[in-house]
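Open the model in your viewer and keep the sequence panel beside it.

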Amino acid sequence: SKLTFEHCSFTDFADASGTPGKIGQATGSDLTFVNCLFQRARMGPEISGTALACTNTWVLDMAGPDDADGIYIHDQSAGQLVTLSGCVLAAGGDDGIDTLGSVITVEDCIVRDWNSVLEDAKGISALNGAVHVRRSLVVDCTVGIAAKAGGGTASTTPVLVTVNNSTISGNTTNLYANRKS
């Protein structure tokens, strides 16, 4: 499917008990978010095998233990691009941008206040794949940008993180690299 959301708010997601829930999930799609707001949920969108163009969108206040991510991006299908441009991702319990084998571009974005020490929160977390950060600000997180290779078993898949013309400051650890296995 191909979905475009412009000037939309996705807020206050909770299950019947009042526990915040996930804002959305997509597989095998093309998504576009322009001038949208994701706020006060357990977790922002989780996408897999999906192209994403996210522009001038705010992702705020994702609360809860483990995986209270602003957005969780799994690997996309061949030829699909994932770009976050002019976005703000702020204040959550885990990772602002969490990736799993995807190739993404983050440009002209602010990523801040992903600072839970209970969850080892990261502004941007790259597990395998590639993350390209341009003209962005990553501040006040437990870890600013983390690059992790592997998973449960040893992996030969490299992780690539490039950072250009960006500021990474005020984090407990600004940059972190490790082999997860």
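**Stop 1: strands β15 and β18.** Select residues 122-127, strand β15, and residues 143-149, strand β18. They run parallel and are joined by five bridges. Two strands pair here if DSSP finds at least two bridges between them. Strands themselves are DSSP runs (E, at least two residues), numbered from the N terminus. Now pick Leu127; opposite Leu127, in β18, stands Lys148.

A word on the model before you go on: it is predicted, so local features need pLDDT of at least 70 and side-chain atom pairs count only at pLDDT 80 or more, while totals for chains, interfaces and linings use all residues. Residues are numbered from 1 along each chain as its sequence is written, and side-chain values use heavy atoms, with hydrogens and water left out.

**Stop 2: the other partner of β15.** Which residue of β15 is the bridge partner of Ile97? Ile124 is. Is β15 mostly covered or open? Six of its six residues are buried, so β15 is mostly covered. Buried means under 20% relative accessible area, exposed means over 50%, and partly exposed lies in between (1.4 Å probe, protein chains only).

Stop 3: Select β7, residues 51-55, and β10, residues 82-85. Four bridges pair these two strands in the parallel sense. Leu52 has Val82 of β10 as its bridge partner. Find Ser85: Glu107 of β13 stands opposite.

**Stop 4: two positive phi angles.** Select Arg40, in strand β5 (residues 37-41). Its phi is near 55°, a positive value in a residue other than glycine. Arg40 is partly exposed, at a relative accessible area of 40%. Then move to Asp61, in strand β8 (residues 58-62). What is the phi of Asp61 near? The value is near 60°, again positive in a residue other than glycine. Asp61 has a relative accessible area of 33% and is partly exposed.

**Stop 5: Ala63.** Select Ala63, in the loop between β8 and β9 (71-74). Ala63 is partly exposed, with 44% relative accessibility. Which residues does Ala63 touch, apart from neighbours within four places in sequence? The contacts (heavy atoms within 4.5 Å) are Ala41, Arg42 and Ala68. Now draw a line from Ala63 to Thr19, C-alpha to C-alpha. They lie 9.8 Å apart in space and 44 residues apart in sequence.

**Stop 6: the whole protein.** Zoom out. There are 21 strands and zero helices (H or I runs in DSSP, at least four residues). The radius of gyration, taken over C-alpha atoms, is 15 Å, close to the 16 Å from the globule rule for 181 residues, so the protein is as compact as a globular protein of that length. That rule is 2.2 Å times the number of residues to the power 0.38. The C-alpha trace spans about 40 × 35 × 35 Å along its principal axes. Of the 181 residues, 48% are buried. Take contacts between residues at least 6 apart in sequence: 62% of them join residues at least 24 apart.
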